[in-house]
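Colleague: I have a structure to read and would like to go through it step by step. Could you take my questions in turn?

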Amino acid sequence: MLRPFGADPGGKRLRVIVARVLFGALAVLGVLAAPAAAQETTTTAPAGGEAATPVIRGTFTSGSTPIEGVTITATAVDVEADPDFEGEATSDADGAWAIEAPGPGVYRLAIDTDTIPEDFALEDPDRFELPQFRVFPGSTSSNAVFRFASEEGGGIVAPSRWERMLNLIFSGIRLGLIIGLCSVGLSLVFGTTGLVNFAQGELVTLGALLAWFLNTSSGGPQWTLVLAVIVAVILSGLFGGALDMVLWRPMVRQRSGALARMLVSIGLALFLRYLFQVLTDGSPNTFRQYATQGPTDIGPISFPVSTYITMVICAVVLIGVGLVLEQTRLGTAIRAVADEKDLAEASGIDVRRVITMIWIGSTALAGLGGIMLGINETVQFNMGFRLLLTMFAAVVLGGLGSAYGAMVGGLVVGIASEVSTYWIDADFKYAVGLAILIVVLMVRPQGILGIRERVG
C-alpha cells in the first residue's frame, strides 16, 4: 500500500494565502505597464537623467563569413521624436553595424547595393530594404536581418542540400523539445483531472513575460538571465498552484463537469491573453543577452549559441521529469492518480495534494518552455496561444494523459514542421504537424504511446 503523500491542509486560511500568491503574481506583471506608458508619453529625458537611446543594429554575414564595408541607411517613416531623421552606418570587420534612432516608430532601412563586395550578393536582390521596420516603445535594441548568399564562383561555399536538411532537422529537434516541455504539464493535468486546459498557452506566455521583466525591462530589476529564469519558473509554479486552490478545486468540490471546467479554462485564457496585451502594449521584446548574436558552427550545423543552450536545458529537464515520474514517491503517486483516482485515494494517497503538485509542476514547466521559446524568438503576449494547437497535437499524437507521449509527440511535430519548410512556405509548417497528427491517429487512434481502450 502506498503511504499518504502529505497531509491535506484544507481550510480557509490556506486558500487565502494562495489567493494572495495568485494576485501577487498578477501585480508583478502589472509593473510591466509602467515602462511602456512612460515611453508613450515622454519623448525627452527627465530632469537629472538621460533616456535610453534605441539602437537599430544587425550583422551582415554570408554563412559564417562577415561582410565588411556595406553601407546601410535608416530613414524615418513614422517617428514622432524626429520625423526627418536619417542615419547611416557601415559594417565593420565582424559584419556588425548600428544606427542610433531618435525614438520608437517606423523606419525604412536600405542597403546601398553598390557597397556590397563583389564576392557577395543578397539572397534575394529585391530585398535590399525593409520599408516598414518598427522600433517598439521600451526597446533599447532592435535587430534587422538581411540574408546574403555568395555569388557563383566566389570564395564562400553555399550550404549543400544535405547540410540544409541537417540544419532543418536540428532546428526541428529544438522546436520539438520546447513543445514537449510545454506539453508535458498539459498531458499530466488531463491524465489526472480530465481537464482539457485551453489556458496552457497563456501559462507558457506568463513564464516568458516574467523572465523578460526581471531580466530586460527598464521597469524591472534587470537581473542576470539565469537568476531571472529561476525566479520566473518559481513564480509560474506558484501561479499554477494558486489557480488550483482558488479556481479548479472549488469547481471540483461543486461537482462541475469536465465541459464546464473546459469553458472556464477558455475564459481564463482570453482574460490572461488580453491582460498581457494591455500590460505589454502588444510589443515583441527580446532578452538583452540575445538581442543580436551570430551563428556558431558545429560541423555543418550553424545556429546561435542560445539554440544549443536551450536544447540542452530542455533535454535535461525532460529527462529529470521522467526520472521523477519513475523513481520518486511523488511520481508513483502521480501515476497512481492518473491510472485510477478512486483506487489511489483508497490506498491512502492524498489525491488533492497530488493534483496541486501537478499544477505547480506543469505550470512551472510551461513557464520554462515559454522562456526557452522567447530566448530563441521573441517574447510576445500571444506567443503561447500561437503554440497551443501544436501542444494539443503533441499530446494527442503521443497519447492522451501520457507524459512520455507528450515528449515524443512534441519531437515528431517539431521535426516534421521544420523539415517541411524545405519544400513549402514556413507559414504552413504547423499545418504539416497537424496533418501528421491526422494520419497517425487514423492508423493508431490511441496515439504513439497511448493504450488502446477495451470496449465490451
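Modeller: Start with the term pLDDT: it is the predictor's confidence in each residue, from 0 to 100. This is a predicted model.

Colleague: What pLDDT does the protein average?

Modeller: Of the residues, 83% score at least 70. Over residues 1–11, however, the pLDDT is below 50, although this stretch has 28 contacts in the model beyond near neighbours in sequence. Where pLDDT is low, the predicted coordinates should not be read in detail. Taken over the protein, the average is 82.

Colleague: In which helix is confidence lowest, and in which is it highest?

Modeller: The lowest mean, 41, belongs to helix H2, residues 33–41. At the other end, with 95, stands residues 200–215, which is helix H4.

Colleague: Which strands are the edge strands of the open sheet?

Modeller: The sheet has 4 strands in the order E5-E4-E7-E9, with antiparallel pairing. Inside that order, strand E4 and strand E7 pair over 6 bridges, and Ala74 stands opposite Leu109 in E7. An edge strand pairs on one side only, which here holds for strand E5 (86–90) and strand E9 (129–135).

Colleague: How far does helix H7 reach from its first C-alpha to its last?

Modeller: Helix H7 covers residues 305–327, which is 23 residues. At 1.5 Å a residue, 33 Å is expected. The model comes close to that, at 33 Å.

Colleague: Which helices do the buried residues of H7 pack against?

Modeller: The buried residues of H7 include Tyr308, Met311 and Leu318. The packing partners of the buried residues include two strands, E12 and E13. The helices are H3, H8, H10 and H12.

Conventions
Residues numbered from 1 in each chain as written. Predicted model: local features only at pLDDT ≥ 70, side-chain atom pairs only at ≥ 80, totals over all residues. Heavy atoms only, no water. Contact = heavy atoms within 4.5 Å. Pairing = 2+ DSSP bridges. Expected span 1.5 Å × (residues − 1). Buried < 20%, exposed > 50% of the residue type's maximum accessible area, 1.4 Å probe, protein only.
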